[in-house]
Amino acid sequence: MRDHLPVILFLLPFATAICLPMVGLKAHRWCRPLALVSLLVMFGLAIVNLLLVREHGEQSYGLAGWLPGSDPTLGIEWVNDHLASAMLVAISFLASLCLLYSGSLTPTIGKHRVVPYYTLILLLISALTGIVFAGDIFNVFVFLEVAALSAYALVALAGGRALIAAFRYLILGTLGSTFYLLGVVFFYATTGTLNMAEMYQQFIASPELLHSRAIVGGMTFLFLGLGIKMALFPLHAWLPGAYTRAPDAISPLLAGLMTKVALYGCVRILFWGLAAGKLLEPVPALTLLGGLGMLAALAGSLLALAQQELKRMFAYGGISHIGLILIGVSQTNQTAFAGSMFYLMNDAIMQAGLFFIAGAAILHHGVRTVTDLPRLRQSPWLVAAFIALALSMIGIPPTGGFFGKWHIILGALEAENYLAITAIVVSTLLTMAYFQRLFLRIFGHSEVVPDSAEGSLALPVKLAVGLTAMLVVVLGLCSGPLIGFFRLTASAAGL
Amino acid sequence: MSEQIQVALKEALERPNLVAFVVLFLCGFFVMTTNSNMIKKLIGIYLLQTSVLLLLVTIGVKQDASVPILIADHTESSETIVPADYYVNPLPHVLTLTAIVVQVATLGVSLALVAAIYRKYSSLDENEVLQRIE
């Protein structure tokens, strides 16, 4: 049982996704409970998996019994290590929370779309699980595509303007995955393997291979493709539109998970495939990614400051945080790596929480833009959660956001990269500026008359918003052991 | 200078598959970026993907090689197995096949999306649709 846990974790949402259309044919009100139960069971199993990995160490799983370790590696390897299992807990937790939350919002989607809605969410989750586990770069490509295809369809479910946003997302996303595939081709043609661990061995044995034109070209295309997927600053054009126009119940899921998992894939390839932790050759690539990260951190928060629409503002905030995490990853030391992985988990929760609030604000109070914000005063629950999440977004002590940023800055100090520290600090100030703008609207004097809310908040919405807000504080309070855990992942990455 | 160009040309002609890939890739990119018609954009991106598949499948080419199925060599009295050198590496083909499946799925989703947009705004031109939304 224990040996097959990775594949069970993948098959659970996948098999449910296959079954849902059949169930939905007769009774579509069974779809939601079924999907929810499957994701909750997955969450439980993910926690079991995390505990098992902590106890027994890293596990390498060969799909269908084609065990890796043979020379050359035959079959598909899945790597179930500390980082993957932690990521999986975050994914399954957020997914179940999103499903819980979306219950009261499904009426806006329309009855005939209920079945595809839940099927696509489950497909998305199983594809993300695949990316997290994948031990070879071609599998990452396939799962990236499955995740992206579900995401396009989910964005388009809102209809109307969302269709155009989804189409743009599709064009750029497909371009990204094509670039990624091109990178994979170059890597395969040069190294003769797709398996990351084997690639790692080859690069360790002959580091000069990393200077060859094919590998440099392959790296360029690979990271260009992943950069589009993770909405790295100059390549972010698809993200704000897609997240703003997506159904209110879907934006938290996409904002919390899609870009983070692409970033995870990037880290996985850099440190487990290209041996960036051991060798000096991949350093130029890391420096470039770090530089782009600084640009993204600044530009993202600057653009967020200029937005009127709430969801769009949060989307730009997410872009700036991707930059922050990349800065941490590119410092190549344990502290910064652990800090940025901790921040990655935090950011997933913060982004999901902010979009939960934005969705509830639209549904119950009709708040879409900054000028409507005073109406939010009627709902102390939303405002309280919003304050907690904003503290974490800015990075103020008892929250997780602070400790993530703090360790990234400590790591940058260790690497004597003062430019990176400046970028982080300025981006923090800009983040503070745009949240201040929001809070001034909520608490300041205004002419907007708070009209009566459309019904009180449903319990699942309260639960989702409250849990995410509580969790960022809890993550901050438990940051000591968690950072210690992520330090383990950093040493596994060779740092 | 002209010598360098000659060398570069010679190198390029030795690998016509790379030249074909670059030409197709750039064509696809051009079509995708310059047209505002959504179907033409899709044609461009399809071309782009196909060019990468072409590259993927051509790196696995080996002349006078056999299919990767274990064949017994009947010329000698004892049935020895043909050494692996005579087989084509099957992996690039398998990868191409998988990538084609992915491509088809993407095309299906994108055409469905364009159909939905056309039904809603009765136009295939992106700028026109955006104007109608305003």
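**Notebook: cavities and cysteines**

I began with the second largest cavity, which is lined by Phe141(A), Glu145(A), Ser177(A), Thr178(A) and Leu181(A), plus Gln49(B), Leu53(B), Ala99(B), Val102(B) and Gln103(B). My rule: on a 1 Å grid over the protein atoms alone, a cavity is a set of points where a 1.4 Å probe fits but cannot get out, and lining residues have an atom within 4 Å of a point. This is a predicted model, with pLDDT of at least 70 needed for local features and 80 or more for side-chain atom pairs, while totals for chains, interfaces and linings use all residues. Residues are numbered from 1 along each chain as written, chains are lettered from A in written order, and side-chain values use heavy atoms without hydrogens or water.

I noted a volume of about 80 Å³ for this second largest cavity, volume being the space filled by probe spheres set on the points. Sorted by class, its lining has five nonpolar, four polar and one charged residues.

Next I looked up the cavity count: four of 30 Å³ or more.

Last, the cysteines. I found zero disulfides over all chains (cysteine sulfur pairs within 2.5 Å). Cys266(A) is buried, because its relative accessibility is 2% (the cut-off is under 20%, with exposed over 50% and partly exposed in between, 1.4 Å probe, protein chains only). Cys27(B), at 38%, is partly exposed.

Terms used: On a 1 Å grid over the protein atoms alone, a cavity is a set of points where a 1.4 Å probe fits but cannot get out, and a pocket is an open set with protein on both sides within 12 Å along at least five of seven lines; lining residues have an atom within 4 Å of a point. Ala, Val, Leu, Ile, Met, Phe, Trp, Tyr, Cys and Pro count as nonpolar, Asp, Glu, Lys and Arg as charged, and the others, Gly among them, as polar.
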